Each structure stands twice: as structure tokens, then as C-alpha cells.
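Visitor: I would like to learn how to read a model like this one. Could you take me through it feature by feature?

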Amino acid sequence: MTAAKHLENLNALKLILDRNTRFLSLSGVSCILAGVFATLGMITATYIYGAEWELFTSYTLQESMEAFIPFFVIASGVIGLTIGCCYYMTKSNIRKKKEPINKELLKNTVINILIPILVGGVLCLIALWEGKFNHLAAYMLIFYGLGLFSGGKFIYNDIKIVGLVFVALGVVSYLHPQWSIYLWTIGFGLVHIIYGARIYTKYERNLQA
Amino acid sequence: MIEGLNKAFESRLRLGIMGLLMVNDYISFADMKENLGATDGNIASHTTALEKMKYLAVKKEFVNKKPLTSYSITRLGRQAFQNHLMALETIIKSAK
């Protein structure tokens with residue numbers, strides 16, 4: 001066999017390995033939409049609870065479940081729409097690529113992202129229950145960021161950096177709870193939109209053609 | 001003529017099989033077939049040959065009453081494949 005033939009074989013091998021170690025079909029458009037839904041959710045909640053969310057902090061979850069109904073409705077709406085969009089648009093990307101996906105890899109990716117997020121979710125519920133509202137946004141930002149960081153190694157490497165940005169925003173929000181609302185919106189809204197646009201222009205646009 | 005190249009990994013399909021095994025703890029026959037776009041017979045004969053050389057291990061089990069064959073790489077296989085890749089790298093570098 002000649003060197004050229006070896007090289008050709010190695011390139012074919014590289015393609016197979018890429019497909020099996022990374023999950024490269026994440027939809028950038030769905031990421032942009034996630035940012036839009038988060039921002040709309042924040043605007044709606046602020047409309048209901050007041051500019052500084054002052055109505056939000058008047059009860060703990062323990063004292064009055066009803067006071068938090070709008071919060072949970074908005075939150076589940078945002079999360080539901082985001083997961084739904086991400087699922088369908090990513091699925092359609094996979095179909096466009098016509099490549100087999102590694103189910104084991106997909107499972108690993110989802111588990112790596114979800115575990116930190118679920119831990120954060122439990123902490124948030126405890127904080128609501130006890131009325132410790134100060135650090136709510138910080139918990140969301142930090143644990144979501146850790147989820148992206150741990151899942152990022154199976155997706156695009158820059159997702160790890162985005163994860164760290166979320167963690168940093170979370171830490172600032174922990175130190176300065178009065179900025180929480182803005183930091184949360186910058187993170188879940190703006191960062192998602194910027195990053196989604198980047199995925200779209202960098203990896204996804206040529207798929208549509 | 002060239003040192004370090006392993007005859008066992010000469011075909012492209014075997015290169016693909018070993019590559020898949022390097023990055024997956026286990027991979028089923030069906031997933032391997034889908035990934036490499038090869039026929040049943042081709043995969044079967046190459047995996048059998050690689051198994052004989054003890055480069056891969058076969059696990060057969062029943063999942064929902066259906067037989068499921070999956071493969072994993074052995075330590076010997078990993079070592080041999082790494083040596084082969086290093087040898088390939090040397091050849092390609094010297095050809096440039």
C-alpha cells in the first residue's frame with residue numbers, strides 16, 4: 001500500500017471517530033429561540049411580580065404555594081418550549097446529515113448535561129421553600145453552566161466556555177443579588193442568542209443548502 | 001519493508017472496526033454495521049478474524065429475547081492498534 005492510500009484510509013477513520021466521540025448536530029436556531037423564550041419569560045414574570053420582583057419575595061413556598069403558581073407556569077413553559085425546539089430541530093439536523101448517530105454517545109451527552117442541572121433544580125426548590133430568594137438566580141446560572149461544561153466535551157468544545165461564562169455570571173449574581181434579574185437575563189437570554197447565532201453561522205448554515 | 005505496520009489492520013474496514021472500538025466501551029453488531037456501511041458478512045468475517053488474534057472480545061447476550069452481539073477492544077488490541085497508527089504516521093510524514 002502506498003502512503004497516499006494509507007492517508008485516504010486514515011481520513012475515513014477520522015470521520016468515523018468524529019462521529020462517535022462528538023455529537024455535532026445541535027441546532028443553533030433552537031439555541032437562539034431558547035434565549036428568546038427565556039427573555040420573554042423574564043419579561044412576563046417581571047410584569048406579574050413587579051420590577052424588582054418584590055411580590056415574589058413576600059411569601060416562601062412553604063407558606064403559600066399559590067403565590068408561586070405564575071412562576072412555575074412561566075418556568076415550565078420556557079423549559080418545555082426550549083427542550084421541544086431543541087429536540088425537533090436537532091433531530092431534523094441529524095436527518096439532513098444522513099449520518100448514523102451513536103445512541104450511546106447521545107445518552108452520555110444528555111446525562112452529563114442533566115445531572116448538574118437537576119442538582120441545581122433541587123437546590124432552587126429548597127431555596128424557594130425556605131424563602132431564600134437571594135441566591136436563586138445564582139444557583140440556576142451556576143448549575144446550568146456546570147451542566148454545559150460537563151456535556152460540552154461531547155458537543156462543540158466552545159460550549160464548555162459558554163458553560164464557564166454562565167458559572168461566572170452565577171458567581172457575580174451570588175455576590176450581588178440585587179443584579180440577579182439582569183444577570184439572569186444576560187445569561188439565559190443574551191448568551192444563548194449569541195452562542196446560537198455562532199453555531200448557526202459556523203456549523204449549521206451549510207447544512208441547509 | 002516497513003516496520004511496525006500490522007497486517008491485521010490493512011483493510012479499511014478493519015481500521016474502521018478498531019477505531020470504533022477505541023472510542024466506544026461496547027458497540028453492537030448492528031451499530032457497527034450502520035456506522036461503517038458494510039454488509040453483515042463482511043463485518044462478521046473481519047470481527048471473527050480480529051477475535052482470533054485476541055484484539056477484540058465478543059459478548060453475546062439476550063435482550064428482550066433477541067440475541068445481541070457486542071464487541072469491545074482488548075488491551076492487546078488497543079496496544080497493537082496504537083502501534084499501527086504510529087507506524088502509519090511515520091510513513092505519511094516521511095512521504096511528505
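This is a predicted model: local features need pLDDT of at least 70, side-chain atom pairs count only at pLDDT 80 or more; totals for chains, interfaces and linings use all residues.

Visitor: Start with the fold. How many helices and strands are there in chain A?

Guide: Count the elements, then read their order. Chain A has 7 helices and 0 strands. Along the sequence the pattern reads α-α-α-α-α-α-α. The C-alpha trace of chain A spans about 75 × 30 × 25 Å along its principal axes.

Visitor: What share of the residues of chain A is buried?

Guide: Burial is judged by relative accessible area, and under 20% counts as buried. By that rule, 40% of the 209 residues of chain A are buried.

Visitor: Now the second largest pocket. Which residues are closest to its centre?

Guide: Take the volume, then the lining. The second largest pocket holds about 430 Å³ of space. Its lining has 21 residues, and A:Asn102, A:Glu104, B:Asn24, B:Asp25 and B:Tyr26 are the closest to the centre.

Visitor: Which elements supply at least two residues each to that lining?

Guide: Sort them by chain. From chain A come helix H1 (3–21) and helix H4 (103–130). From chain B come strand S1 (27–28), helix H2 (29–36), strand S2 (56–63) and strand S3 (66–73). H4(A) gives the largest share, with 4 residues.

Visitor: How does the lining of the second largest pocket divide by class?

Guide: It has 7 nonpolar, 8 polar and 6 charged residues.

Visitor: Let us pick one lining residue. Is B:Asn24 buried or exposed?

Guide: Locate the residue, check its accessibility, then list its contacts. B:Asn24 sits in the loop between helix H1 (12–23) and S1 of chain B. Its relative accessible area is 9%, so B:Asn24 is buried. Beyond neighbours within four places in sequence, B:Asn24 contacts A:Asn20 and A:Asn102. A:Asn102 is also one of the residues closest to the pocket centre.

Visitor: Is A:Cys124 buried or exposed?

Guide: A:Cys124 is buried, at 10% relative accessible area. A:Cys86 is partly exposed, at 28%.

Visitor: Which residues does A:Met140 touch?

Guide: Set aside residues up to four places away in sequence. A:Met140 then touches A:Phe71, A:Cys124, A:Trp184 and A:Phe188. A:Met140 belongs to helix H5 (residues 136–152) of chain A. At 25% relative accessibility, A:Met140 counts as partly exposed. Its C-alpha atom is 11 Å from that of A:Tyr174, which is 34 residues away along the chain.

Visitor: Where is A:His176?

Guide: A:His176 is in the loop between helix H6 (158–175) and helix H7 (180–208) of chain A. Compare sequence with space. A:His176 and A:His135 are 41 residues apart in sequence, yet their C-alpha atoms are 9.1 Å apart. A:His176 is partly exposed, with a relative accessible area of 30%.

Visitor: Last, backbone angles. What is phi of B:Lys54 near?

Guide: Phi of B:Lys54 is near 65°, a positive value in a residue other than glycine. B:Lys54 lies in the loop between helix H3 (40–52) and S2 of chain B. B:Lys54 counts as exposed, at 57% relative accessibility.

Visitor: And where does B:Asn64 lie?

Guide: B:Asn64 is in the loop between S2 and S3 of chain B. Phi of B:Asn64 is positive too, near 50°. B:Asn64 is exposed, with a relative accessible area of 72%.

Definitions and conventions
Residues are numbered from 1 along each chain as its sequence is written. Chains are lettered from A and ligands numbered from 1 in the order in which they are written. Side-chain values use heavy atoms; hydrogens and water are left out. On a 1 Å grid over the protein atoms alone, a cavity is a set of points where a 1.4 Å probe fits but cannot get out, and a pocket is an open set with protein on both sides within 12 Å along at least five of seven lines; lining residues have an atom within 4 Å of a point. Grid points are joined across faces, edges and corners, and a volume is the space filled by probe spheres set on the points. Ala, Val, Leu, Ile, Met, Phe, Trp, Tyr, Cys and Pro count as nonpolar, Asp, Glu, Lys and Arg as charged, and the others, Gly among them, as polar. Buried means under 20% relative accessible area, exposed over 50%, partly exposed in between (1.4 Å probe, protein chains only). Contact means heavy atoms within 4.5 Å.
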